Amino acid sequence: MRLPPVLVAHVLERRVRLRAPALTGHRRACERVAEQLAADPACEVVTVRPVTGSVIVERLEGGLDAERLRARLAELVGEARDDDGRLIAAPRPEGHPGPTRVARAVAHAVAGINADVREAMDYRADLGTLLPVFFAAAGIAEVGVTRRLPVPAWFNLLWWSLRWFVTFNPAAVAEELRAAAGGAPSPPADAADGNGGAGPPGRAL
């Protein structure tokens, strides 16, 4: 069996950071991999980040063998399964090709930067909180300096309209994505229980 790619991102004597792209987005698989790695006496502290597929192994005393950890993590990721029982490292079916290589690389880079910012800020903030504050402050500063309120450009108005549509119509967007992927559209909410009334409330996991 061909093992999934696992990279050694950073190495210190008692701390090794690895990246396993196949773990990205699989929280429960990450938890299982963390438990399996932590069973090794040398891996005293194991942190797995589902957002980036980053795995951090720490040891209080003694050194860590980065190559051995990389090989062991590759084995665990190769055996890991998602919530539906499918191997997370298995290739996707032709009907569901997944994101492009460029999109995956950009998302992976941004997620890595966000994880580093979050760690540097002691988990008090990340890009999702810092950037809006920065742009809001920059906008207020511009108005304060120029003493006038500029009219938004047409492409800004277009972007805001699309962003608001996606924000306030998540069900319609999700239904269209499922249809594009070959899935069946969901029934309307008023027909969910078959008698014209609303079905039982759902539960988010």
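Arg17 counts as buried because its relative accessibility is 10%, under the 20% limit. In this predicted model, Arg17 pairs with Asp116 in a salt bridge, with the closest N and O atoms 3.0 Å apart. That pair links distant parts of the chain: Arg17 sits in strand S2, Asp116 in helix H3, 99 residues away. Asp116 is partly exposed, at 36% relative accessibility.

**Overall fold**
- The protein chain holds six helices and four strands.
- Along the sequence, the elements follow the pattern β-β-α-β-β-α-α-α-α-α.
- The chain has 205 residues, and 22% of them count as buried.
- Take the contacts between residues at least 6 apart in sequence: 52% of them join residues at least 24 apart.

**Salt bridges**
- The count of salt bridges comes to 10.
- Arg49 forms one of them with Glu119, at 3.1 Å between the closest N and O atoms.
- Arg49 lies in strand S3 (residues 45-49) and Glu119 in helix H3, so this pair ties together parts 70 residues apart in sequence.
- Arg49 counts as buried because its relative accessibility is 12%, below the 20% cut-off.
- Glu119 is partly exposed, at 32% relative accessibility.
- Asp122 and Arg124 also meet through their side chains in a salt bridge, 3.4 Å from N to O.
- Asp122 is partly exposed at 46%, whereas Arg124 is exposed at 68%.
- Arg15, Arg49, Glu58 and Glu119 belong to one network, joined by salt bridges that share partners.

**Arg15 and its surroundings**
- Arg15 is placed in strand S2 (residues 15-19).
- Its side chain makes a polar contact of 3.3 Å with the side chain of Glu119.
- Beyond its neighbours within four places in sequence, Arg15 is in contact with His10, Ile56, Val57, Glu58, Leu64 and Glu119.

**Arg32 in helix H1**
- Arg32 belongs to helix H1 (residues 27-38).
- Arg32 is partly exposed, with 37% relative accessibility.
- Leaving aside neighbours within four places in sequence, Arg32 is in contact with Arg81 and Asp82.
- Arg32 and Leu76 are 44 residues apart in sequence, and their C-alpha atoms are 9.1 Å apart in space.

**Cysteines**
- Cys30 counts as buried, at 2% relative accessibility.
- Cys43 is buried as well, at 2% relative accessibility.
- A disulfide is a covalent bond between the sulfur atoms of two cysteines.
- A search of the whole structure finds zero disulfides.

**Positive phi angles**
- Most residues other than glycine have a negative phi.
- Tyr123 is not a glycine, yet it has a positive phi of about 60°.
- Tyr123 lies in the loop between helix H3 (101-120) and helix H4 (127-146).
- Arg147 also has a positive phi, near 60°, and is a residue other than glycine.
- Arg147 is placed in the loop between H4 and H5.
- Arg147 counts as exposed because its relative accessible area is 74%, over the 50% limit.

**Nonpolar surface patch**
- Leu157, Trp159, Trp160, Trp164 and Phe168 make a nonpolar surface patch of about 640 Å².
- One of these residues, Trp159, lies in helix H5 (residues 154-168).

Terms used. Residues are numbered from 1 along each chain as its sequence is written. This is a predicted model: local features need pLDDT of at least 70, side-chain atom pairs count only at pLDDT 80 or more; totals for chains, interfaces and linings use all residues. Side-chain values use heavy atoms; hydrogens and water are left out. Patches are made of residues with over 30% relative accessible area and no salt bridge: like charges are joined within 9 Å, nonpolar side chains (Val, Leu, Ile, Met, Phe, Trp, Tyr) within 5 Å. Accessible areas come from the Shrake-Rupley method with a 1.4 Å probe; for residues, only the protein chains shown count as cover. A salt bridge is a side-chain nitrogen of Lys or Arg within 4 Å of a carboxyl oxygen of Asp or Glu. Helices (H or I, at least four residues) and strands (E, at least two) are DSSP runs, numbered from the N terminus. Buried means under 20% relative accessible area, exposed over 50%, partly exposed in between (1.4 Å probe, protein chains only). Contact means heavy atoms within 4.5 Å. A polar contact is a pair of N or O atoms within 3.5 Å; within protein, one must be able to donate a hydrogen and the other to accept it, and residues adjacent in sequence count only if both atoms are side-chain atoms. A disulfide is a pair of cysteine sulfur atoms within 2.5 Å.
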